[in-house]
Amino acid sequence: MKELDPLLHSQLRLAVMSILMNVEEADFVFLREKTQSTAGNLSVQPDKLSTAGYIDVQKGFVGKKTRTTCHVTEKGRAAFEQYVQDIKALLNL
C-alpha cells in the first residue's frame, strides 16, 4: 500500500490546498474564513506548504495592514493530484 503524503494528509493543510486548487490566489483572511479555522491554527500551515514547495506565499502591505497571499505551485498541483489518486486507489475507485 502506498503511503499518503503526510503533508497533505493533515486536515487543515488539505483544506488549504483544496481551496487554492480552485482559485488563482487567496489571502489569509479568505483561507481562514473558508476553513473556519482560527488565525493561530492556520498561520503555520502556509509556511509548511511553502517550505515543501507546494505553494508560494507573498507578504505585503495594503495601506498599513499586512496582507499575505498564497497560490499553488506546479509542484503543489502535482502533489495534490497524486494525493487524490492515492486516496482513490485506497478506496478502490
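Predicted model: local features only at pLDDT ≥ 70, side-chain atom pairs only at ≥ 80, totals over all residues.
Visitor: Which residues have the most contacts inside the largest nonpolar core?

Guide: Leu 31 is one of them, along with Leu 8, Met 17, Leu 20, Leu 49, Tyr 54 and Ile 55. That core has 21 residues. Among the elements that give two or more residues to it are helix 1 (6–9), helix 4 (39–51) and strand 2 (55–62). Helix 2 gives the most, with 5 residues.

Visitor: How do you know that helix 2 and helix 3 meet, and which residues make the contact?

Guide: Their axes come within 10 Å and cross at roughly 115°, and the crossing is right-handed. From helix 2 come Leu 12, Ala 15, Val 16, Ile 19 and Leu 20, while helix 3 brings Phe 30, Leu 31, Lys 34 and Thr 35.

Visitor: How many residues of that contact are nonpolar, polar or charged?

Guide: The residues divide into 7 nonpolar, 1 polar and 1 charged. Lys counts as charged, and Lys 34 belongs to this contact.

Visitor: Why is Ser 37 called buried?

Guide: Buried means under 20% relative accessible area. Ser 37 has 14%, so it counts as buried. This residue is found in the loop between helix 3 and helix 4. Not counting residues up to four places away in sequence, Ser 37 touches Leu 12, Arg 32 and Leu 42.

Visitor: And Gln 36, is that residue buried or exposed?

Guide: The cut-off for exposed is over 50%. Gln 36 has 74% relative accessibility, so it counts as exposed. Gln 36 is also found in the loop between helix 3 and helix 4. Its phi is near 55°, a positive value in a residue other than glycine.

Visitor: Why is the pair of Arg 67 and Asp 27 called a salt bridge?

Guide: The rule wants a side-chain nitrogen of Lys or Arg within 4 Å of a carboxyl oxygen of Asp or Glu. The closest N and O atoms of Arg 67 and Asp 27 are 3.5 Å apart, so the pair qualifies. Arg 67 lies in strand 3 (residues 65–72) and Asp 27 in strand 1 (residues 26–27), so the pair ties together parts that are 40 residues apart in sequence. By this rule the count comes to 1 salt bridge.

Notes. Residues numbered from 1 in each chain as written. Heavy atoms only, no water. Helix = DSSP H or I, 4+ residues; strand = E, 2+ residues; numbered from the N terminus. Core = buried A, V, L, I, M, F, W, Y, C linked by side-chain atoms within 4.5 Å. Buried < 20%, exposed > 50% of the residue type's maximum accessible area, 1.4 Å probe, protein only. Axes fitted to C-alpha atoms, helices over the stretch in contact; angles between N-to-C directions. Left-handed = near helix turned anticlockwise from the far one by under 90°. Contact = heavy atoms within 4.5 Å.
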